[in-house]
Amino acid sequence: MASVLNSALSLNLSNFKSKRVRTHSLVSPLSLPLTMKPQAPVSGGAGGSSFNQLLGIKGAAQETNKWKIRLQLTKPVTWPPLIWGVVCGAAASGNFNWTLEDVAKSIVCMLMSGPFLTGYTQTINDYYDREIDAINEPYRPIPSGAISENEVITQIWVLLLGGLGLAGLLDVWAGHDFPVVFYLALGGSLLSYIYSAPPLKLKQNGWIGNFALGASYISLPWWAGQALFGTLTPDIIVLTLLYSIAGLGIAIVNDFKSIEGDRALGLQSLPVAFGAETAKWICVGAIDITQLSVAGYLLGDGKPYYALALVGLIIPQIVFQFQYFLKDPVKYDVKYQASAQPFLVLGLLVTALATSH
């Protein structure tokens, strides 16, 4: 499960980063006229893969079936991290039981977080990047004309309203006096919009955009899962936002291959702002210091075994950073993420289990 989640998370962040400029993915709710030189598409079209098309990743085959195109726009490959976040939140609540009702609640929460609200996020991101895609990836669904802009707008509204409707249902089902899941979904949806849409378009700023990305994939689904089965407390909010700084570090990994394009467009990614050498240390520092801080918190909270387990999962990440990422963040980015991120993902679950006791 961790390896599947890792692959999905890497692909998802890469999706959003590459959407800023193709020369070289959001905010989940729980997730542009620019001038550049045209490039020949590197993948997609007639020679693409039908499997990639259904997952919504690069190398997708050209498709005429509208329902397959609609699915492609939601990028199913990006759903697993949100589902994992719900799992962590449910575990952290300490109140999840393997009953039919609790399992059904968690599945509905996963549907809200993944297919509906992450699907909304991905679709709106493609919509606002349609002019960039017309230059660099003209075979994609929107610029190719495979689906009309009005149909895309309809999909955005259906997914958004469907996700918010499921959030409201979960609040009623859980017997909440205050609709906390609904407001989490609403706030995340707004974050998704301002991440992709002008005038704010948060993803143009390295610090803010990457932190929003990290928070969306760690904090929001965790909060939803925990609020559904228990109480969302201030210490959990702080802890998960702290973990989101590690998510910021993961997002920076995908910026290195985009340095030239970002610089040409005036986008202030951290490698552009600070230079590659400094940015790679900011990246690993954000990932490692965050997790070590969480381990320190667990130790101070009287949970030494969980703290020790988390440190045991941090050590191999540091080893892989020196073995791959710090040597060449462009050449070894995929190998580093495939090697190190499963340990970070498992660390999230360790932390969730620790907070449940």
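Predicted model: local features only at pLDDT ≥ 70, side-chain atom pairs only at ≥ 80, totals over all residues.

A: Helices here are DSSP runs of H or I with at least four residues, strands are runs of E with at least two, and both are numbered from the N terminus. By that count the protein chain has 16 helices and 0 strands. Residues are numbered from 1 along each chain as its sequence is written, and side-chain values use heavy atoms, without hydrogens and water.

H10 covers residues 206-229, and serine 216 lies within it. Serine 216 is buried because its relative accessible area is 0%; buried means under 20%, exposed over 50%, and partly exposed in between, with a 1.4 Å probe and protein chains only. A polar atom of the serine 216 side chain lies 2.8 Å from the backbone oxygen of alanine 212. Leucine 228 is also placed in H10, and its relative accessible area of 4% makes it buried.

The loop between helix H9 (180-196) and H10 contains proline 199. The peptide bond joining proline 198 to proline 199 is cis, with omega about 10°. Lysine 201 sits in the loop between H9 and H10 as well, and its phi is near 40°, a positive value in a residue other than glycine. Most residues other than glycine have a negative phi, and most peptide bonds are trans. Lysine 201 counts as buried because its relative accessible area is 5%.

Phi of lysine 75 is near 50°. This residue belongs to the loop between helix H3 (66-74) and helix H4 (80-93), and at 2% relative accessibility it counts as buried.

Side chains of opposite charge can pair when their charged atoms come close. The whole structure holds 8 salt bridges, each being a side-chain nitrogen of Lys or Arg within 4 Å of a carboxyl oxygen of Asp or Glu. One of them brings together the side chains of aspartate 126 and arginine 140, at 2.6 Å from N to O. This pair links distant parts of the chain, 14 residues apart: aspartate 126 belongs to helix H5, and arginine 140 to the loop between helix H6 (130-136) and helix H7 (141-144). Aspartate 126 is buried at a relative accessible area of 2%, and arginine 140 at 9%.

Another salt bridge, 3.3 Å from N to O, joins the side chains of arginine 130 and glutamate 149. Arginine 130 is in helix H6 and glutamate 149 in helix H8, so the pair ties together parts that are 19 residues apart in sequence. Arginine 130 is buried at 18%, whereas glutamate 149 is partly exposed at 39%.

In the salt bridge between lysine 280 and glutamate 277, the closest N and O atoms are 3.2 Å apart. Both residues lie in helix H14 (residues 276-300), 3 residues apart, about one turn of the helix. Lysine 75 returns at this point: salt bridges that share partners join Lys75, Asp126 and Arg140 into one network.

Helix H5 (residues 100-128), which carries aspartate 126, is mostly covered, with 21 of its 29 residues buried. The helix bends by about 30° at threonine 118, the bend being the angle between axes fitted to the seven residues ending there and the seven starting there. Helix H16 (residues 333-355) bends by about 35° at alanine 340, and proline 342 follows within four residues.

Across the protein chain, 56% of the 357 residues count as buried.

Technical notes: Polar contact = N/O pair within 3.5 Å; in protein donor to acceptor, adjacent residues only side chain to side chain.
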